Amino acid sequence: MAEIMIEEMKNAHRILAELTYEIRPVVRGYANRTLYINLDDGTIQSKPVSQKMKDVLTGGKGFALWLLWNGINDHTKWDDPENELVLSCGVIGGITAYPGTGKTIAVTVSPQTGVIIDSNGGGYFGPYLKFSGWDALEIQGKADRDVIIFIDGDEGRVTVEDAPLEAINTHLVNKQLTEMYGRDDREKRAITVISAGQAADYIPMCGLNISYWDARRQEVRIKQAARGGCGTVLRNKKIKAIVVKYSSMNADSNGVADMALLRRAGQRINKEITDFDASQNDMRGTGTPYLVEIMNRFDLLPVQNFRFGADPDAHKINGELWKEQFDHNGPDGCWLGCTLGCAHGVKHYHLQTGPYKGQTVFVDGPEYETLGAVGSNCAIFDPGAVLEINFYADTYGIDTISLGNSIAFAMECYEYGILTPDRTGGLELNWGNSAAALTLVHQMANGEGFGMVVGQGVRGMKRIFAEQYGVDAKLLHDIGMEVKGLEVSEYMTKESLAQQGGYAMASKGAQHDEAWLIFMELVHKQLNTFEAKAEALHYFPMWRTWFSLHGLCKLPWNDIIPVSNKTAKEPQKVPEHVENYCWLFEGVTGTHVTIEDLILQSERVYNFQRVFNLRLGHGKRVDDYPPYRAVGPVTVIEYESRAERYDKEMRDLIGIDPEGMSTIAKMAIVRKYREDRYETLLDTVYARRGWTRDGVPTADTLMKLGVDFPDLISLVRKNGG
Ligand code: SF4
């Protein structure tokens with residue numbers, strides 16, 4: 001990029017608000033302050049972190065929820081000025097002795113769901129924010145022009161600056177700002193940038209892009225906190241980017257209590273990664289695309305809007321293909337010290353469409369979720385098309401999971417004649433039409449055409465199609481793969497009752513980061529009773545929530561398996577790694593903990609978030625139902641494609657002989673059986689969690705957990721808890 005251009009951009013900045021602050025070291029994982037910025041009136045201030053915040057909410061997502069709870073009111077909508085975007089790191093976040101410790105957590109009222117979204121991404125921002133002196137950044141209000149926020153952790157200065165000349169799309173603006181604030185490699189390594197692309201000005205399904213400088217490749221690398229519309233909130237506040245500069249990174253920027261204990265845990269897992277990664281999941285070579293082949297083999301890959309779980313063409317976009325295409329020139333950790341290094345990308349990709357057609361770019365990804373969403377779920381098995389969609393979705397800021405599921409839903413509606421070329425502006429949305437899919441992506445970025453309809457997401461389309469075209473709302477509801485307004489991530493759940501609950505009960509909507517129980521249930525047969533399912537739907541969401549309190553990536557927990565697992569009593573919990581995490585917490589904070597203590601940390605925050613949803617008018621049983629497509633076959637073709645399986649279920653489990661019955665009649669019987677089981681699952685899980693039958697945490701449960709804030713207690717009591 002021409003030097004003069006960067007200089008010109010910088011000269012056009014005017015400082016609109018400023019705070020200088022004392023630089024203080026992080027002590028035992030905490031900066032002990034949070035940063036508040038109000039874009040309406042230019043307030044920038046430091047807030048203290050109280051002992052109560054630490055005791056009840058631990059850090060990371062817990063802090064973010066607490067700040068948001070106190071910043072908004074019961075009626076706040078996503079685009080109200082008082083809605084906040086809160087970004088935070090977590091207590092352990094930023095250590096380099098252990099892999100996967102650099103996640104940023106974003107929390108806000110979601111434009112897609114109207115309740116709380118928490119979304120995490122890699123890429124240096126969270127740790128640099130904390131080491132610059134802030135456990136969390138809380139942004140309220142809306143600027144009246146495009147601005148950037150610059151947190152200079154070297155100088156102890158925060159500014160809000162207007163930024164009229166920078167680009168909006170991520171692959172450009174993140175590079176511009178990295179070059180503006182970092183003159184050489186050493187300085188660029190000290191820069192991290194958050195942005196969202198131009199689609200975030202128009203549609204709700206846009207996420208945050210978080211970047212760091214990859215000196216070996218001379219590239220700005222991008223990771224996403226993609227889910228739930230955090231990028232749409234960023235742009236609604238007219239923020240082009242948030243930049244943090246922190247140059248003093250060292251092995252003990254966290255001010256830890258016991259470095260030897262951290263190293264002990266780190267050496268143990270790093271040896272496992274060196275010894276076993278290549279023969280286990282090959283995260284370092286293949287990354288998450290390894291899952292395509294496995295999901296396809298087990299009939300769990302979403303194909304054609306989750307109608308099917310496998311496709312003969314899946315091999316065209318599987319891990320082997322991507323391993324060949326990825327650039328292996330150097331480690332691919334999205335934070336320092338991540339030896340698992342799965343954040344791969346493709347270099348020298350020639351763009352075929354859109355505003356950057358003809359240019360050669362580095363594409364970060366694709367990851368499994370993208371391959372499932374914009375690949376198999378849309379029946380697009382052309383790797384070039386997938387890469388093109390991946391690049392543009394990222395730079396425009398669009399969440400590829402919501403994007404893929406929304407396009408797949410539109411394609412199925414097109415197949416049924418609900419959509420016609422008249423209604424789509426001439427687009428022929430047949431399965432696999434990658435050119436049409438790309439047109440939709442570009443339309444979303446420009447706020448035009450049928451892309452603006454698909455860009456509203458599955459829940460938005462269901463409403464539009466029912467209202468405007470008079471379509472049977474029940475069919476749309478059955479095939480619309482969203483829960484709470486968030487599109488389902490890329491696993492087929494029809495045969496896993498526990499995972500149906502894992503998706504549909506998840507606080508933010510259907511995302512698998514709370515629970516992934518499919519193999520436990522279907523392959524290892526460990527969840528054969530409702531009680532066992534409920535126990536898993538208690539333990540795993542609590543356990544996985546813990547990562548978000550600490551700025552941690554989940555992948556090193558169970559994407560590398562230690563030898564000790566062979567003899568472990570509960571191998572699915574990976575006990576040796578859980579012990580590592582106890583050591584990490586103790587090593588950072590100096591407080592000895594057991595696994596029960598870690599679960600308690602999570603349980604408090606998990607229940608807090610559930611009550612937060614309740615405050616915003618949701619968070620009850622009625623909000624915890626999946627679409628029937630996630631539970632069983634909606635259409636005749638789905639039933640008949642797996643007729644043997646469903647007929648056997650009728651015979652063995654329901655006690656009805658299917659012989660001679662029509663498919664429609666059999667479908668109705670299977671549906672009743674499966675829906676009844678789902679109701680029993682809800683009852684059992686709610687009881688295990690200490691909630692009412694309506695899914696409300698009881699006051700007793702909150703008090704027992706120590707979440708004893710009077711306004712929460714009064715709220716649950718008002719709702720029968
Ligand atoms: S395992 Fe992958 S996603 Fe997780 S921190 Fe490491 S590189 Fe990032």
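Modeller: Asn 405 sits in helix H13, residues 400-415. Helices here are DSSP runs of H or I with at least four residues, strands are runs of E with at least two, and both are numbered from the N terminus. This is a predicted model, in which local features need pLDDT of at least 70, side-chain atom pairs need pLDDT 80 or more, and totals for chains, interfaces and linings use all residues. Residues are numbered from 1 along each chain as its sequence is written, and side-chain values use heavy atoms, without hydrogens or water.

Asn 405 has a relative accessible area of 0%, so it is buried. Buried means under 20% relative accessible area, exposed over 50%, and partly exposed in between, with a 1.4 Å probe and protein chains only. Contact means heavy atoms within 4.5 Å. Beyond four places in sequence, Asn 405 touches Asn 305, Phe 306, Ala 373, Asn 377, Val 458, Met 481, Glu 487, Val 488 and Glu 490.

Thr 34 belongs to strand E2, residues 33-38. Its relative accessible area is 0%, so Thr 34 is buried. Its contacts, leaving aside neighbours within four places in sequence, include Gln 45, Ser 46, Lys 47, Leu 67 and Trp 134.

Now the nonpolar packing. A nonpolar core is a set of buried Ala, Val, Leu, Ile, Met, Phe, Trp, Tyr and Cys residues, joined through side-chain atoms within 4.5 Å. The largest one has 224 residues, and Ile 398 and Phe 465 touch the most other members. Helix H21, residues 530-550, gives the most to this core, with 10 residues. Apart from this core lies another, of 14 residues, including Ile 6 and Met 9. Back to Phe 465: not counting residues up to four places away, it touches Phe 409, Cys 413, Ile 418, Leu 419, Phe 450, Val 453, Gly 470, Val 471 and Leu 476.

Gly 720 follows H29, with a positive phi near 90 degrees.

Next, the rings. The structure holds 40 aromatic pairs. Rings of Phe, Tyr and Trp (its six-membered ring) pair if their centres lie within 6.5 Å; planes under 30 degrees apart are stacked, over 60 edge-to-face, the rest tilted. Phe 391 and Tyr 392 have ring centres 5.3 Å apart and planes at 80 degrees, so they pair edge-to-face. Trp 546 and Phe 547 are also edge-to-face, because their planes are at 75 degrees, with centres 6.3 Å apart. Trp 546 is buried, at 0% relative accessibility. Phe 547 is buried too, at 3%. Both belong to one aromatic cluster, whose members include Tyr 98, Tyr 539 and Trp 557.

Last, the ligand. Residues around it include Gly 100, Lys 103, Asp 332, Cys 334, Cys 338 and Leu 555. The shell divides into seven nonpolar, three polar and two charged residues. Ala, Val, Leu, Ile, Met, Phe, Trp, Tyr, Cys and Pro count as nonpolar, Asp, Glu, Lys and Arg as charged, and the others, Gly among them, as polar.

Notes:
A residue is near a molecule or strand if one of its heavy atoms lies within 4 Å of it.
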